[in-house]
Amino acid sequence: MRSKSQTTLLRTVGLHAVLVPLALIWLFPIWMMIVFSTQPENAIFSSNLVLLPSDQFANNFALLQADTGFLRTVFVSIVVATVYTVVSVFLTSMAGWALARYNFAGKGVVLAIILGTLTLPYFVVVIPQFIMVARDFGLGNTWFALIVPPLFNSLGVLFMRQSFSMMPGELFDAARVEGVKEWQIFLRVALPMARPTIAALCIILFLASWNNYLWPLLINNRPDMMTAPVALGSLIGLTRVSWGGIMTGAVVLTLPMLFAFVVLQRHFVAGIAAGAIK
Amino acid sequence: MRATTRTAYGFLTPYLLIFAAFWVWPIIYSFYLSFLSTRVQPWTFNPTFNWGRLIIDPAFFNAFKNTMIILVIQVPVMIALATLLAVLLNSHLLKARGIMRFAFFAPVVVGEVAYAAVFRLMFQADFGVINKLLALVGVAPISWSSNPTAAMALIITAVTWRWVGYNAIIILSGLQSIPEDVYEAATLDKVSKTRQFFFITLPLLRPIILVCVVLSVIGTMQLFAEPFLITNRGGPGGATETLGLFLYRQGFTVLNFGYASAVAYTIAAIAIVISVINFWLGRDPK
């Protein structure tokens with residue numbers, strides 16, 4: 001038995017000898033984001049190695065606010081991500097419900113198309129989307145442009161469909177026998193039962209919208225209708241812009257999501273894993 | 001129409017309307033656009049204009065070449081690392097499991113712009129923290145933004161940092177679906193842990209690793225924010241220009257929608273071909 005416990009000890013040491021340094025390397029950029037955001041500009045661009053935070057966050061953030069009106073763009077991002085998440089959850093739940101619980105003509109075709117779009121690069125649709133929304137509709141720099149075109153997502157439908165199809169059918173049949181209408185069964189019985197799945201989906205959708213960069217970059221360029229990532233990205237590479245300020249913006253975008261990740265890790269992980277398994 | 005069909009489409013309609021307006025129509029329209037000459041108004045039908053240019057355009061070839069280099073190096077390295085991480089993070093012997101997982105999964109929630117900004121600053125040539133740390137171990141400063149090879153290495157490093165945890169989550173969920181008694185039986189038969197990994201774990205994980213590879217290939221084919229923001233618009237001198245960045249330039253800087261559409265369809269075609277090859281290589285040998 002002694003040799004076995006020795007092997008176990010050796011394995012444990014080996015495992016941590018690999019993982020701990022790797023974990024530190026992986027945390028390093030996030031740590032440096034925080035460090036930079038609290039350092040004065042002359043400390044970031046000095047020849048000293050600076051690895052610990054200082055106390056200049058408020059000053060740096062004031063510089064960023066002066067450069068971009070950052071608070072307004074954060075507000076735009078919050079509104080867009082929230083509305084997008086709510087609407088998208090409803091659309092995908094309804095579609096997922098139909099695909100899970102009814103047999104109907106064309107079901108196979110609809111499913112195949114939804115699955116097919118998973119492997120289709122977004123670039124194929126982004127140019128016509130831009131032409132349509134910005135030129136044909138004249139809706140550049142609007143809430144509509146930020147929220148509606150990205151609404152289609154195949155992942156959510158597959159995710160919700162999976163959840164609904166695992167529910168016991170007798171439950172819905174019993175409600176039908178009592179004369180409850182289909183949409184009421186959906187709203188009052190099925191949706192509440194799907195709460196854990198919906199929670200995971202909400203997190204994935206909110207995160208996707210919050211971090212979305214390319215589409216908001218293309219469609220909204222007026223300062224008061226920019227999302228926060230677009231406003232922040234517009235500063236990168238400009239000279240005479242405060243890097244400390246940019247880093248405070250990165251922190252504001254990142255820390256709330258990291259906090260949510262820590263609290264809701266189980267849902268995050270479930271959402272990401274489900275996205276790939278289908 | 002049967003009643004259930006009517007009900008089903010009632011639930012599907014809002015979703016399908018969005019799909020039709022913002023996906024089906026654009027897919028058709030961009031195919032049509034790729035046959036139009038859109039450099040000057042009015043747009044005219046000219047089937048060979050964009051596709052003819054694409055074949056001989058050195059800038060397109062450069063972006064294609066760079067994307068393929070990133071693909072061939074970054075995807076295998078990242079998937080191998082993600083598999084290793086998943087196996088290690090799944091170990092019973094692991095202490096501080098929560099913190100360890102957090103370290104690798106955290107980048108998944110960091111947005112492209114935020115992480116691009118940090119990487120750009122960390123890898124700055126004169127005052128960047130990476131060069132300062134390299135100096136501690138005696139490595140001469142690397143000019144990440146003006147040396148083409150270093151710039152490419154920077155992009156690959158950044159993308160790997162951002163996405164390895166995402167893939168590890170997926171592979172980890174696959175690992176956890178492998179029944180424990182398979183390993184118990186193997187241990188009883190005195191099969192070593194290393195052999196268990198290669199002869200039990202890897203074969204069982206193959207389908208899910210394949211999904212990761214395909215998702216990563218599609219992602220790499222569309223790489224945009226990293227070369228746009230970290231290496232300053234694909235610099236130095238186009239050394240990190242990707243297909244995604246090239247399309248952005250043609251479509252939204254020059255506003256040559258026809259040519260950009262031809263590029264978009266080429267990206268899609270390459271992604272589909274690579275995905276099919278992957279699934280074909282990874283199919284069940286039976």
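Mentor: The model is predicted. Helix α11 of chain A runs over residues 195–211, which makes 17 residues. From its first C-alpha to its last, α11(A) reaches 24 Å, close to the 24 Å expected at 1.5 Å a residue. Of these 17 residues, 12 are buried, so α11(A) is largely enclosed by the rest of the structure. Among the buried ones are A:Ile198, A:Leu201, A:Phe206, A:Ser209, A:Trp210 and A:Asn211.

An unreviewed UniProt entry annotates residues 74–264 of chain A as "domain: ABC transmembrane type-1". That span is 75% helix and 0% strand, and its end C-alpha atoms lie 22 Å apart.

A:Leu64 belongs to helix α3 of chain A, residues 57–68. A:Leu64 has 25 other C-beta atoms within 10 Å; the cut-off for a buried residue is 20 or more, so A:Leu64 counts as buried. Not counting residues up to four places away in sequence, A:Leu64 touches A:Phe70, A:Ser242, A:Gly245, A:Ile246, A:Thr248 and A:Gly249. The C-alpha atom of A:Leu64 is separated by 51 Å from that of A:Leu9, and the two are 55 residues apart along the chain.

The contact between the chains takes 73 residues from chain A and 76 from chain B. On the side of chain A that touches chain B, helix α1 (residues 2–37) gives the most, with 15 residues. By class, that side of chain A has 57 nonpolar, 14 polar and two charged residues.

Conventions: Residues numbered from 1 in each chain as written. Chains lettered and ligands numbered in written order. Predicted model: local features only at pLDDT ≥ 70, side-chain atom pairs only at ≥ 80, totals over all residues. Helix = DSSP H or I, 4+ residues; strand = E, 2+ residues; numbered from the N terminus. Expected span 1.5 Å × (residues − 1). UniProt positions renumbered as here; feature names shortened; annotations may be inferred. Contact = placed C-beta atoms within 7 Å. Nonpolar A, V, L, I, M, F, W, Y, C, P; charged D, E, K, R; others polar.
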